[in-house]
Amino acid sequence: MKVLVIGTGAREHALCRSLSQDPAVSELHCAPGNAGIARVAAVHPVDQLDGAAVTALARELGADLVVVGPEAPLVAGVAEPLRAAGIPVFGPGREAARLEGSKAFAKDVMAAAGVPTARSYVCTTPEEAAAALDAFGAPYVVKDDGLAAGKGVVVTEDRAAALEHAAACDRVVIEEYLDGPEVSLFAITDGTTVLPLVPAQDFKRALDGDRGPNTGGMGAYSPLPWAPEGLVQEVLDTVLQPTVDALRHRGTPFSGLLYAGLALTSRGTRVIEFNARFGDPETQVVLARLRTPLAGVLLAAANGTLGELEPLRWSEEAAVTVVMASEGYPASPRTGDAIEGLAAAEAGGDAFVLHAGTRSGPAGEVLTAGGRVLSVTAVGADLAEARAKAYAGVAEISFKGAQHRTDIAAEAAR
């Protein structure tokens, strides 16, 4: 099988790493890719938002499967011309991808499907936003209705800050605050069958102790030893399957990866948000535990034959990933700095490094090229061992102004 992965981040590197280990994959390509992905796949320049260009590349390569990693190409409709060309593609079409592309659309789908979520208002004026904030009270939760690379949500006790964020967006969803721990649960679906993966937890705030601004994610771990028994089946029955069914009944079937961001509140499990693709950095730990070869599962979702697969096989081991970010991230990340210690971090085989924001320099050196630069990932017998291995890898790597959280999975590992 020849596989083409679309994207540039650590999520795509994690996908490429898993696909490169699949004996069914004879050729692996990625576009545009990054400096780390180039070690496991042939990389190609392409505008990932240009469906015609992506389709032309897939045809040129003779791709048997195209895996669209990021949300922006999916919301832009890159999957449509691929499907029209008869090329199997893992990822929803433009209309179904609105589940992530519009918070308001997602709320409509959840209401139709009877999915438990926070009460909310859609606001387009300062007056509407002020009224919604007063209706729910603090903490205030304000979400940009559109895509914002994981940074469009403000949760604050400061009403003025909440209003400021609302004013900076064309349209916002303001909702009640959901208490309790958060869980990320991915599911692969062909539009009918829904195959849940293992749960993970990520860390959105920039600083230790869940302080600082929201980011795209600073680390993740799996499994969740504190998660209630039966959680995955409950979410499949009450969230994932009803959502997939509702989208199919609307005439916009969802095929690809459905990501449910959940809050385990005092009143039961509630959906915080949906994404239409693998989450980053949770993908790094979920795929590290997957034992079933990945390519066949993604192809079955693309071809509508997911129901014919055997149950997925998982490692009993734990996985932890720690994100190393640039100086100034998330507000104004510094780029162009040389990264040292990548080989040393992987030398013992205890950790592996997934590239997010990197590029190759003129002399073959690896340079920073984004806010989140690397995800250092490790697997161990338990969370404590996986965590120790991941942080040992982090300690080997350096670049100017590098920052990371020191408390990823710390509480769960106790």
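Predicted model: local features only at pLDDT ≥ 70, side-chain atom pairs only at ≥ 80, totals over all residues.
Colleague: What radius of gyration does the chain have, and what would a compact globule have?
Modeller: The C-alpha atoms fill a box of roughly 55 × 45 × 40 Å along the principal axes. A compact globule with 414 residues would come out near 22 Å, and the chain agrees with that, because its radius of gyration is 20 Å.

Colleague: What share of the contacts in the chain with a separation of 6 or more comes from residues 24 or more positions apart?
Modeller: First, on burial: 57% of the 414 residues are buried. As for those contacts, the share from residues 24 or more positions apart is 69%.

Colleague: Is Leu374 buried or exposed?
Modeller: Leu374 sits in strand S22, residues 372-380. Leaving out residues up to four places away in sequence, Leu374 touches a set of residues including Val322, Ile339, Leu342, Val353, Ile397 and Phe399. Its relative accessibility is 0%, so Leu374 counts as buried.

Colleague: Where is Ala409, a residue in contact with Val320?
Modeller: Val320 also contacts Ala220, Tyr221 and Val285, among others, once neighbours within four places are set aside. Ala409 itself is buried, because its relative accessible area is 1%. Its phi is positive, near 65°, though Ala409 isn't a glycine. As for its place, Ala409 is in the loop between helix H13 (383-396) and helix H14 (410-413).

Colleague: What is the phi of Asp210?
Modeller: Asp210 is in the loop between strand S13 (205-207) and strand S14 (211-214). It counts as partly exposed, because its relative accessibility is 46%. Most residues other than glycine have a negative phi, and most peptide bonds are trans. Asp210 has a positive phi, near 55°.

Colleague: Which element gives the most residues to the lining of the largest cavity?
Modeller: Rolling a probe the size of a water molecule over the atoms shows where empty space is left. The structure holds three cavities of 30 Å³ or more, and the largest has a volume of about 60 Å³. Helix H6 (103-113), strand S9 (172-175) and strand S17 (268-275) each give two or more residues to the lining of the largest cavity. With four residues, the element that gives the most is H6.

Colleague: How many residues in the lining of the largest cavity are charged?
Modeller: The lining includes Lys103, Lys107, Lys143, Glu175 and Glu273, as well as Leu99 and Phe274. Six of the lining residues are nonpolar and none are polar, while the charged ones number five.

Colleague: Which residue follows H6, with a positive phi?
Modeller: In H6, the buried residues are Lys103, Ala104, Phe105, Ala106, Lys107, Val109 and Met110. They pack against several elements, including helix H5 (94-101), S9, H9 and S17. After H6 comes a residue with phi near 70°, and that is Gly114.

Colleague: Which helices each supply at least two residues of the lining of the second largest pocket?
Modeller: About 240 Å³ of space lies in the second largest pocket. Of its 15 lining residues, Ser18, Gln21, Leu287, Leu290 and Arg291 are the closest to the centre. The lining divides into eight nonpolar, three polar and four charged residues. The helices that each supply at least two are H1 (10-20) and H10 (282-289).

Key:
Residues numbered from 1 in each chain as written. Heavy atoms only, no water. Buried < 20%, exposed > 50% of the residue type's maximum accessible area, 1.4 Å probe, protein only. Contact = heavy atoms within 4.5 Å. 1 Å grid on protein atoms, 1.4 Å probe; cavity = no way out; pocket = protein on both sides within 12 Å on 5 of 7 lines; lining within 4 Å. Points joined across faces, edges and corners; volume = space filled by probe spheres on them. Nonpolar A, V, L, I, M, F, W, Y, C, P; charged D, E, K, R; others polar. Rg over C-alpha atoms; globule rule 2.2 N^0.38 Å.
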